Amino acid sequence: QGGLKLPLGYEKQPANDGPPLGTGEPDGELRFLLGKSLYPLPAYLGGSVGYRRHGGRLHDEVLYTFEVGYSRGRVLLKLALDGLKNTSPPPDIAGRLVLNPLPGGGGALPELIAGDQDIVKVDPAIIYNLRPGLDLQGELLYVAAGKNALSGTIYSLGIVFSRPD
């Protein structure tokens, strides 16, 4: 699987005074994906390994995923591990500090609010089939380890529509 990010319409200083959404540089990545059904067991294994080449000041990254799933009747249990590792140990957030007056008082902001990351996420989910083509999914996304990454846990509940077989 290949991918290319072209930051068309990128604004270094957005009109809403928010942070820039990326570095403004193109990125490319290649991934090798592999999956295996464990039939006659109602289970599967899947995973990928890849490489992301960054344009600009960020270092390149090695990407990896692993997923295992098991279904029983109308329920599918899934556990995924997702991560990325820099080709160089991540420094603190990239960019030099710039002193700017901030609302409510002064302060120092990084010139570039983006940086190299190392991150490992654990993602268990339960998917319940309500009827053909309609599922209910509960998911937890937990950041198990990281550098220059937001920490915490995200809980989500969703409805999945699909074309019945």
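The model is predicted, so local features need pLDDT of at least 70 and side-chain atom pairs count only at pLDDT 80 or more, while totals for chains, interfaces and linings use all residues. Residues are numbered from 1 along each chain as its sequence is written, and side-chain values use heavy atoms, with hydrogens and water left out.

Let's begin with the open sheet, whose 8 strands follow the order β1-β2-β3-β4-β5-β8-β9-β10 with antiparallel pairing. Strands here are DSSP runs of E with at least two residues, numbered from the N terminus, and two of them pair if DSSP finds at least two bridges between them. β1 (2-5) and β10 (153-161) are the edge strands; each has a single partner, so one side of each lacks a neighbour in the sheet.

Leu4, for instance, has Gly28 in β2 as its bridge partner.

β9 (residues 134-147) and β10 are antiparallel and share 9 bridges; one of them pairs Gly138 with Leu157 in β10. These two strands make a hairpin with 5 residues between them, and Asn148 in the turn has a positive phi of about 60°.

How many of the 9 residues of β10 are buried? The number is 0, so the strand lies largely in the open; buried means under 20% relative accessible area and exposed over 50%, with partly exposed in between (1.4 Å probe, protein chains only). Ile159, found in β10, is exposed at 56%.

How values were computed: Helix = DSSP H or I, 4+ residues; strand = E, 2+ residues; numbered from the N terminus.
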